[in-house]
Amino acid sequence: REFGKLVKQHVDTTVILAGRMENPNLAIEALTNCCDIIGIGRQLLADAWYPEKVRTGKLDEIRPCLGCHEGCLGHISKGPICCAVNPACGREKIYGLVPINRKKSFAIIGGGVAGMESARVLAERGHSVTLYEKNDKLGGNLIPGSVPHFKRFDKRLIEWYEVQLKILNVDIKLNKEVSKEDLASLKVDGVIAATGSTPIKHNFGSVKDIPTADEVLLGKVDVGKKVIIIGGGLVGCETGLWLSQKGFQVTIVEMLSGRLHNLPHMNYFMLEDMLKHNKVSVMENTKVLSVDFNKVTVESEGEVKELESDTVISAIGYRENDNLYHSIKELDIPVYHVGDSRKVHNIMYAIWDAYEIAREL
């Protein structure tokens, strides 16, 4: 808005302001003295009905753009432009949702993004859906992932799903862990296993229970001033940035050359700049040899070093939580497998995977 205001003060022509202007209040404020027209792009890929929902005051029904660039700018060189949270984007007529001919009942196990998308698609097509989640809230790995302020749109996605599932009358059962025996007794036409993934835990030296990034994000761990994060992927870098913004001294240790692999370049450059601006130290080509209570021993370019630390955090990836699926896949009813529990990836592929299966059932 600041740049739009400066331009508006020095030109006599129409000024169009774009860039995350989908917040109606922000747009109205900008129209007063920063621009003449608001330009909206990515938000219309996420939800083509955005203007109508704003006009009718249905703001909580707007599917949010995450700013992830996975489907739009990150995908544009691979094929038609699309959207991470809207699989039908740009091909609504051939890939949209079609009403069912015969109503069926489905049980979905897991309330993460893949489970919620499966429930939404099945219910929107007309099926009866019950969603089981072992925790007290929906969201799965999006819950810790949406803690930093710069990831607030992930939280907004959870809220959007909650609204949609309520509108579609999906029966949500929280604090309910489902077993093979439970499913065998249910009278349903099909089961979707969407049990997600869990952080990989690894022991380094004398410290046997190194906290994971999600535990830190959820406030389950007291963090000391000097923090070392093992793993320079997206989770490690975003957690490091968040902690640095809160005043902690952060060093990220990555064993490979480079970091943030497979991240769209526009997000990569932004996150790189923010890490530098917030003075997050990143050590690449560095292997962790051991973790003690107040130090981490690493090997970098053939040299062994000791790094002082108050807290060590593990961010070395996620592993499929697929035990339930393998225990129930031989049931006498159809069982489907979606999302991270089938293959760990990202939000886009969890949503697309769930959409692809649910639209065919």
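Q: What makes the crossing of α11 and α12 left-handed?
A: A crossing is left-handed if the near helix is turned anticlockwise from the far one by less than a right angle, and right-handed if clockwise; α11 passes α12 in the left-handed sense. Helix α11 (residues 234-245) and helix α12 (residues 265-277) pack at about 40 degrees with their axes 10 Å apart, where axes are lines fitted to C-alpha atoms, for helices over the stretch in contact, and angles run from 0 to 180 degrees between N-to-C directions. This is a predicted model, in which local features need pLDDT of at least 70 and side-chain atom pairs count only at pLDDT 80 or more, while totals for chains, interfaces and linings use all residues. Residues are numbered from 1 along each chain as its sequence is written, and side-chain values use heavy atoms, with hydrogens and water left out.

Q: Which residues make the contact of α11 with α12, and how do they divide by class?
A: With contact meaning heavy atoms within 4.5 Å, L234, C237, E238, L241 and Q245 of α11 meet L271, M274 and L275 of α12. They divide into six nonpolar, one polar and one charged, since Ala, Val, Leu, Ile, Met, Phe, Trp, Tyr, Cys and Pro count as nonpolar, Asp, Glu, Lys and Arg as charged, and the others, Gly among them, as polar.

Q: Why are α6 and α14 called roughly parallel?
A: The axes of helix α6 (residues 113-125) and helix α14 (residues 347-358) come within 8 Å and cross at roughly 30 degrees. Angles under 35 degrees count as roughly parallel, over 145 as roughly antiparallel, 65 to 115 as roughly perpendicular and the rest as oblique, and α6 and α14 are therefore roughly parallel to each other. Their crossing is right-handed.

Q: Why does the description "roughly parallel" also apply to α6 and α8?
A: Helix α8 (residues 152-167) packs against α6 at an angle of about 30 degrees, with the axes 10 Å apart, and the two helices are therefore roughly parallel to each other. The crossing of α6 and α8 is left-handed. V113, M116, E117, A119 and R120 of α6 make this contact with L157, W160, Y161, Q164 and L165 of α8, and by class the contact has seven nonpolar, one polar and two charged residues.

Q: How do you know that K8 and D36 form a salt bridge?
A: A salt bridge is a side-chain nitrogen of Lys or Arg within 4 Å of a carboxyl oxygen of Asp or Glu, and the side chains of K8 and D36 meet at 2.5 Å, N to O. K8 lies in helix α1 (residues 2-10) and D36 in the loop between α2 (24-33) and β2 (37-39), so the pair ties together parts that are 28 residues apart in sequence. By this rule the count comes to 15 salt bridges.

Q: What makes β11 and β12 paired strands?
A: Two strands pair if DSSP finds at least two bridges between them, and five bridges join β11 (residues 286-291) to β12 (residues 295-300), which run antiparallel. One of the bridges links V288 to V298 in β12. The two strands form a hairpin with three residues between them.

Q: Why is one side of β11 and of β13 left without a neighbour?
A: The three strands form an open sheet in the order β11-β12-β13, with antiparallel pairing. β11 and β13 (303-308) stand at the edges, each with a single partner strand, so one side of each has no neighbour in the sheet. Six bridges pair β12 with β13.

Note on methods. Helices (H or I, at least four residues) and strands (E, at least two) are DSSP runs, numbered from the N terminus.
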